[in-house]
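This briefing is meant for someone meeting the structure for the first time. Please look through the sequence and the model before reading on.

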Amino acid sequence: MTAVPLQPPRRLVSFTLDGEESRVPEGSTILDACRSAGTDIPTLCQGDTLTPKNACRVCVVEVEGARTLAPACSRRAEPGMTVRTDTERAKHSRKVVLELLASSTDLSTTPRAAEWIKEYEAKPDRFGEDAARVDEQPKIDNDLYVRDYDKCILCYKCVDACGEQWQNTFAIAVSGRGFDARISTEHDAALPDSACVFCGNCIEVCPTGALSFSTEFGMRAAGTWDEPAQTQTTTVCAYCGVGCNVTLHVQDNEIVKVTSPHDNPVTHGNLCIKGRFGFQHVQNRD
Amino acid sequence: MDLRYTDAVPSDAEREAVDALLGPPPSGWEGGAERTDEDLRWAKGGASAARDRRDQLLPALHTVNDRVGWISEGALNYICRRLTVPPAEAYGVATFYAMFSVRPRPAKVLHVCTDLACAARGSAAVCTDLTDRLGPPGTPAEGAVWQESPCLGLCERAPAALLLQAGAEPSGAEPSGADGNTDAGSGSGSGSGETFRHSAVVAPATASALVAAARSPLDAPAEPSPAAAVPQAGDPALVLLRRVGTVDPASLDDYRAAGGYSALRRAFALGPAGVIREVLDAGLVGRGGAAFPTGRKWQATAQQADGPHYLVCNADESEPGTFKDRVLMEGDPYALIEAMTVAGYAIGARQGYIYLRGEYPRAHERLAHALTSARTRGLLGPDVLGQGYAFDIEIRRGAGAYICGEETAIFNSIEGQRGEPRSKPPFPVEKGLFGKPTAVNNVETLVNVLPILEHGAAAYAATGTETSTGTKLFCVSGQVARPGVYELPFGANLRDLLDLAGPPERLRAVLLGGAAGGFVRPDELDVPLTFEGTRAAGTTLGSGVVLVLDDTVELPRVLLRIAEFFRDESCGQCVPCRVGTVRQEEALHRIVDRTGAAAAEDIALMREVGQAMRDASICGLGQTAWNAVESAIDRLGVYK
């Protein structure tokens with residue numbers, strides 16, 4: 001059982017969501033309200049453990065009286081607000097944003113991307129064969145994880161997790177500008193030469209698979225990655241006494257990657273290099 | 001914070017430049033020669049230490065770039081040590097700005113403007129000639145490198161170029177404004193016995209003048225006085241421009257003799273609430289493009305309980321075709337300083353910032369000189385005019401990023417972050433610079449405060465129309481006989497303005513409001529130049545751009561340039577803008593020589609992308625990136 005710390009009571013805010021009166025705790029975002037009302041709004045860059053950066057703009061909704069659409073992930077519900085999630089304008093923006101992303105980056109390992117592209121009838125091909133793409137080769141400069149920025153949607157989550165929101169390591173940041181912006185270390189140094197401590201918390205929050213365990217990257221390349229066949233077991237990390245929860249992802253009796261439950265009050269999904277990557281000794285059968 | 005630096009060390013010149021800005025390193029932890037015993041008794045660092053001086057990051061990058069011409073790994077390491085900034089973040093900031101380079105390049109960089117106004121007046125030919133004589137853009141030759149540049153704000157003298165030379169300041173050099181030599185060229189080039197010049201403006205530019213200037217910046221011709229950009233100079237009807245060309249911009253006495261500082265005295269007599277009431281009654285709205293009521297912004301800032309309050313002057317004029325703020329700052333710098341003092345007093349700020357375009361060396365020099373003399377005379381500092389009000393102003397130089405004119409991107413830029421806009425709400429009046437209540441006003445807006453206080457709100461509001469009060473500055477460029485900054489009362493129409501500037505014989509279109517504005521047809525010249533009038537006509541005044549194009553101009557190329565501009569200047573934070581501006585440019589490339597059915601599919605595609613950019617982008621850049629193209633298609637029938 002997971003212990004849930006009690007929060008001080010919060011006032012309720014009433015607003016109108018898709019024509020229905022909705023009451024949510026003060027400070028809730030429109031996305032929170034939608035989820036508790038059972039409305040599914042697509043989002044790529046929103047993460048449950050980080051402050052929303054609202055960079056992907058897939059979750060935009062229409063707020064009555066506003067000139068532009070609002071990102072549901074970060075706009076807080078205000079008393080008396082009238083929000084519609086399913087207007088033509090909102091659906092149009094979502095469709096085009098999905099097209100823009102899918103035409104410039106590789107969304108093949110982004111959960112639900114294909115489903116949403118179908119749902120919104122997005123056609124990423126219509127920008128033509130010459131449409132500019134991110135076009136990056138995977139960066140393999142260490143044994144633990146791979147950075148494949150061809151899949152990166154620049155959601156800033158890895159930067160936030162590496163920086164002041166969790167790890168306080170600040171090994172990576174966004175460099176460059178516009179379409180040439182990339183997640184990068186200083187002077188594009190290799191990870192082992194950077195401040196990176198290999199906690200892997202950036203992998204934990206990456207929504208597209210641009211950051212992945214070397215094991216997963218290698219198995220995908222070899223065509224042996226089989227997620228449905230994997231089992232997940234959550235246990236306690238044995239390396240020290242903090243008591244972090246680790247979830248072992250096992251395929252064919254081999255640990256293939258390690259995550260951590262986001263609702264765990266000790267880790268909130270974060271681990272250190274040992275908990276995240278130190279699993280080979282378990283399966284060293286020599 | 002896991003601060004880890006590479007082994008690269010700064011050169012002596014780089015270290016010297018940074019130390020000149022920040023002072024010598026106080027300890028080994030910050031890059032001092034070695035760690036003393038005392039250093040080893042305490043540890044420095046942590047997130048709070050970093051935040052203290054993070055705002056010196058942009059000035060520190062500037063100082064190295066000014067000295068060496070580019071920012072090496074060693075220099076970046078040293079800056080990071082001095083400021084306790086993670087190197088990856090500092091690298092992210094350094095690579096955000098167009099004026100910085102993280103790769104070696106020659107000390108002399110020649111920026112040749114190829115933007116709208118310059119393109120309309122022959123920049124393409126200049127670039128072709130330059131390629132013949134110096135090689136293609138980006139290739140170093142003879143100690144210099146030239147590159148194409150977005151609008152330099154020198155549109156009245158198009159085609160324009162700006163030469164920046166890195167190097168050490170000669171010892172004992174005086175900035176040229178200080179000795180009253182007001183019309184010497186920009187940069188620190190007028191002191192005795194000097195052999196160095198940081199910057200030279202060559203406009204109008206020819207390839208041979210540019211090659212000569214690149215060889216020997218000292219021999220570049222002096223810039224004409226700012227008054228040359230004001231065709232109406234000397235006209236007694238002028239309000240905002242009345243001192244440009246008639247007073248010495250380096251002389252505080254001249255400024256005071258011409259009525260300067262009477263507005264500030266009136267402000268002290270009225271008290272902060274009284275000043276805000278006057279500005280509200282005058283009906284002043286922001287001149288930066290958004291037309292928000294200035295008094296309401298000030299009131300909202302003044303009312304915030306959280307403190308300190310900040311005032312930021314947005315002098316990052318980068319909209320293609322806009323140069324009015326440059327002319328005001330170069331020709332009448334004390335007016336801006338007095339107006340900021342009034343504004344600061346009204347909102348309860350003790351510190352103001354002028355966020356100045358990096359490409360405006362002469363405005364920088366004139367303002368810096370004016371600030372120093374105002375401080376010396378007690379018009380800034382701990383006790384302004386003996387009224388017990390403490391206020392001072394700092395200039396922050398931008399480094400080549402149009403997006404930094406967005407009000408929240410300015411905050412990030414000043415704070416030493418990447419110049420990316422923030423999501424609103426919260427609005428700046430609540431959480432702005434350093435997370436504190438902040439009023440952001442454009443240069444022209446602030447200067448309007450002076451006539452309001454000098455003559456009273458009623459007298460001010462008597463000029464113009466009911467909802468657009470006062471006078472407005474227009475930046476007229478392109479194919480007119482007398483390009484420049486014009487001042488007209490609100491309510492005059494476009495035809496009146498063009499008559500003053502000398503319209504071309506065969507007018508094809510007028511771009512109103514800049515790259516984010518819209519086109520007006522020759523049969524629509526009766527559109528009144530007011531906020532409500534242009535809105536009713538489906539266009540905008542924006543920042544006051546009036547770019548006049550005759551029928552020799554190939555409109556599809558103009559649109560392509562606009563699209564290139566937005567693609568280059570998108571910060572990259574949100575998807576609709578980052579990718580949408582690229583897709584827009586690609587579509588315009590495909591149809592550049594096409595019309596009718598051959599263009600229809602791409603136009604439909606652009607409409608869809610444009611709508612999503614307008615609806616879903618975080619800030620105004622993405623939201624307006626499709627405006628001009630859309631109006632050219634719908635109002636000018638450019639691809640018919």
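Why can helix 16 of chain B be called largely enclosed by the rest of the structure? The model is a predicted one, and in it eleven of the 13 residues of this helix, which spans residues 443-455, are buried, so helix 16 of chain B is largely enclosed by the rest of the structure. The points below begin with that helix and then turn to a strand residue in chain A, to aromatic pairs and to charges over rings.

**Helix 16 of chain B**
- The buried residues of the helix are V443(B), E444(B), T445(B), L446(B), V447(B), N448(B), V449(B), L450(B), P451(B), I452(B) and L453(B).
- At the N-terminal end, helix 16 of chain B is capped by N442(B), which places a side-chain oxygen 2.9 Å from the backbone nitrogen of E444(B).
- The helix is followed by G456(B), a residue whose phi is positive, near 90 degrees.

**N245(A) and its surroundings**
- N245(A) belongs to strand 11 of chain A, which covers residues 245-251, and its side chain makes a polar contact of 2.8 Å with the side chain of N264(A).
- Leaving aside residues up to four places away in sequence, N245(A) touches T234(A), T235(A), V236(A), T259(A), S260(A), P261(A), N264(A), T267(A) and L271(A).
- Between N245(A) and D193(A) there are 52 residues in sequence and 29 Å in space, taken from C-alpha to C-alpha.

**Aromatic pairs**
- Over all chains, a search of the whole structure finds 18 aromatic pairs.
- One of them is the tilted pair of F213(A) and F279(A), with 6.3 Å from centre to centre and 35 degrees between the planes.
- This pair links distant parts of the chain, since F213(A) lies in strand 9 (residues 211-213) of chain A and F279(A) in the segment after helix 7 (273-277) of chain A, 66 residues apart; both F213(A) and F279(A) are buried.
- In chain B, the ring centres of F268(B) and Y389(B) are 6.3 Å apart and their planes stand at 65 degrees, so this pair is edge-to-face.
- That pair also links distant parts of its chain, with F268(B) in helix 10 (residues 262-282) and Y389(B) in strand 8 (residues 389-397) of chain B, 121 residues apart.
- F268(B) counts as buried at 12% relative accessibility, and Y389(B) is buried with a relative accessible area of 11%.
- Ring pairs also join Y145(A), F198(A), F213(A), F277(A) and F279(A) into a cluster.

**Charges over rings**
- R177(A) lies over the face of F96(B), 5.8 Å from the ring centre, while the charged end of R15(B) sits over the ring of Y78(B), at 4.7 Å from its centre.

Conventions:
Residues are numbered from 1 along each chain as its sequence is written. Chains are lettered from A and ligands numbered from 1 in the order in which they are written. This is a predicted model: local features need pLDDT of at least 70, side-chain atom pairs count only at pLDDT 80 or more; totals for chains, interfaces and linings use all residues. Side-chain values use heavy atoms; hydrogens and water are left out. Buried means under 20% relative accessible area, exposed over 50%, partly exposed in between (1.4 Å probe, protein chains only). Helices (H or I, at least four residues) and strands (E, at least two) are DSSP runs, numbered from the N terminus. A polar contact is a pair of N or O atoms within 3.5 Å; within protein, one must be able to donate a hydrogen and the other to accept it, and residues adjacent in sequence count only if both atoms are side-chain atoms. Contact means heavy atoms within 4.5 Å. Rings of Phe, Tyr and Trp (its six-membered ring) pair if their centres lie within 6.5 Å; planes under 30 degrees apart count as stacked, over 60 as edge-to-face and the rest as tilted. A charge sits over a ring if NZ of Lys or CZ of Arg is within 6 Å of the ring centre and within 35 degrees of the ring normal.
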